[in-house]
Every structure is written in structure tokens, then in C-alpha cells.
Amino acid sequence: PPRLDLLSAAQPLAMRVLKRVRVRCPLSAGHGCGWSGMYADLAHHLLSGSHSCAGAGGAALPSAPAEQAHDKDAGNGGAADAAASNRQDATGADSVPVAGCGSVSKIKNLDGGRVAVKETVALAESFKTEGNHQYEGKDFSGAVGLYTKAHLVASGATSKLVGVREEDRGELSALINRTSAAALANRAAARLMMREYNACVVDCDAAIFVAPDYEKAYMRKSRALTETGNFNDAVTTMEEGCSNCPDSAALQKDLSKISALKKKMDAGLHHLATGNYASAKAVFGTLLPESGAPPVVLAAARAELGLGRTDSALRLSLQVVRADSRGVGGYEVRGECLFRTGEIDPAIALFRRALRLDPDFTRGQ
């Protein structure tokens, strides 16, 4: 897919021309959508709740939430396989007798329910595929919207299970859950790229809830937690993932890596607490190249401050403030650095700002 962000910056005229190219809905082949229009309007069409890409049985798709909500293998099955299964199920429906029934109408209805579920899942897969295209093109916001659509469509397939044979419900329910989990985990990946770490964790938790063995949800959740410096929860997440996915070498590898980061962080914090600033500086010096999480940078700044290296502490604390403008730690360290160098008024201003963010910040008082 094109890198539209790069095209718009490097060749704005070409971007204007591209937006005016007439296209058809990418879901037209598999789902009969008759929409056509300019390329600039395609994303709005796909995310609109009123477009003509209807779900199985003609049901309109639910619209994506107002919030702007990756991986290629996340679908596991795909729209083509589901469509092929639909055709096979539909053609065989009339030939199966039902004991105790005077006609085959019941079996038609039951097979129709199975087909409806698979068609809805296939439609969700199509939205997810379009989301993948947006992700690969670095349009992460657009990807979030399409993954949201895929999740809503897949979740809507649950209501169609009432028209399915009892013996088929387990299989189809697992298919729905897997598709929904893939959409949620993909949305988490997009949010991870947008540095929306809390939202990423929420999406991963939702994916794990419906599919506890979906390994990529654990990987993305632990990465989001690691990016915020929450190594304890990241390790716990990976341990849970390894328990639910015992054959995953990727999870085992990530668990080992994150455990090593946690061990270094714990050692550095211990040195800070005991006033061994030289050892703390050495530990954080090895940790910083592996993690630029605000708590790691802040701890390194505290070590520098403890050694009287106010210039280094100011530089590191500025990184913290830029990464987390609502955290009090960066302002505290900067304020203490300025206080030590005789810049009293700017130091007081920083402490007051920290207290506005956290009135219970007793050290700032």
C-alpha cells in the first residue's frame, strides 16, 4: 500500500490527483457492495455505519464508535475460506434428512444460521484486511477505525448462533472469538504505534478475555507496559501468556528479556534507595540503551543528581517532562537541580507546578 503520509509531504500535487481517482469498494467482490467514488472518500465509506456493505442476512453493520479506533495472520482462516465453506454448506443443506421431521425446512434453517455466522465473520475479516492495509501505509488512526469495525461485526455474529445446530456452536463460537480477538489485538498494535499505551493495554485485555490463547495480545500488552516502565506488570503478563500458550517460543523469549529489564531496574532502584549513586548510575547506564521509559530515565536522572552532576540530571529530567508532562518526578528533579545551582525562583516555580499536578506531593511542599 502507498505511504500516503510521505506522498502528501513530498508530492502534494500527486496526492491531490490520487484523491480524485475513482475507485470501487474493496469489499465489492466478496460482499456485493456497489459503492464507487473518489479515493479521498473511500475511508469514510468503509467506516460509515450506513454504507451498503451489509452483514450476513442483509443486516446493517453497526457503526464504529466516535473514538478513532497488525498482523497479517491474525485472521486465521480468512474470508476466502469462510466463503468457500458457506458455499459448501449451502449446497448440501437440502440433502440431509432430519429424524422426526416431516420436511427438511428445519435443517435448511440450521444450515442457514451456520452460513450467516460464516458470512459475518468473513465480512469482519475483510474489514480487518483493509485495516492491515492502512497500518502498513502508516495510517494508524485509519487502521484503528477499521479494526474497530471488524471487531463490532465479528461480535455481532454471536447473535446468529441461535440459528445454528448445537454441535456446531462450539466451533463457530471459537471462530467468532478468534476473529474478534485478532481485530482487537491489531487495534492494540496500531495504538501502540500511536503511543497510546493505556488504550493498547485495554484492547489486549479484551482480546485475551475472548481468546486466552491469543499470544500476540500478551506480547503487545507487555510491550505497552514496558514502554511505560511498568516492568512488574509486563513480566506478570508474559508469565500469564506462557501459561496459556505453553508452546510459544516467542513468549518465552520475551519473558526472558523483560525479566532481565526488571532485574536491572530493581537493582538500580535499590542502589538509589541506599544512596549508592555510583552503582545506580552504572546500572541505569546499561538499562537506558534498552529502555527509554520515563521511569528509567527519571531514575537515571536521580542517580546523576545524587552524584552532583546537575547538567546531566537536567538533560535527563527534560526528557522525562517531554515524554510525560503530567508526571511530577521530572519537575521535582529539575527543580532540585535549579535549587542546587542557586536558581531559586525557577526551582520554586517547578515545585509549584508539580504540586498542581499532585497536591499530595509532600516532597515538593
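Trainee: How far apart are N and O in the salt bridge where the side chains of Arg165 and Asp168 meet?
Mentor: Happy to start there, with a reminder that this is a predicted model, where local features need pLDDT of at least 70, side-chain atom pairs count only at pLDDT 80 or more, and totals for chains, interfaces and linings use all residues. Residues are numbered from 1 along each chain as its sequence is written, and side-chain values use heavy atoms, with hydrogens and water left out. A salt bridge here is a side-chain nitrogen of Lys or Arg within 4 Å of a carboxyl oxygen of Asp or Glu. Arg165 and Asp168 meet that cut-off with an N to O distance of 3.3 Å.

Trainee: Are Arg165 and Asp168 buried or exposed?
Mentor: The scale is relative accessible area: under 20% is buried, over 50% exposed, and in between partly exposed (1.4 Å probe, protein chains only). On that scale, both Arg165 and Asp168 are buried.

Trainee: Which residue forms a salt bridge with Asp203?
Mentor: The closest N and O atoms of that pair are 2.8 Å apart.

Trainee: How many salt bridges does the structure hold?
Mentor: Some share partners, joining Arg187, Arg191, Glu196 and Asp203 into one network. For the structure, the count is 14.
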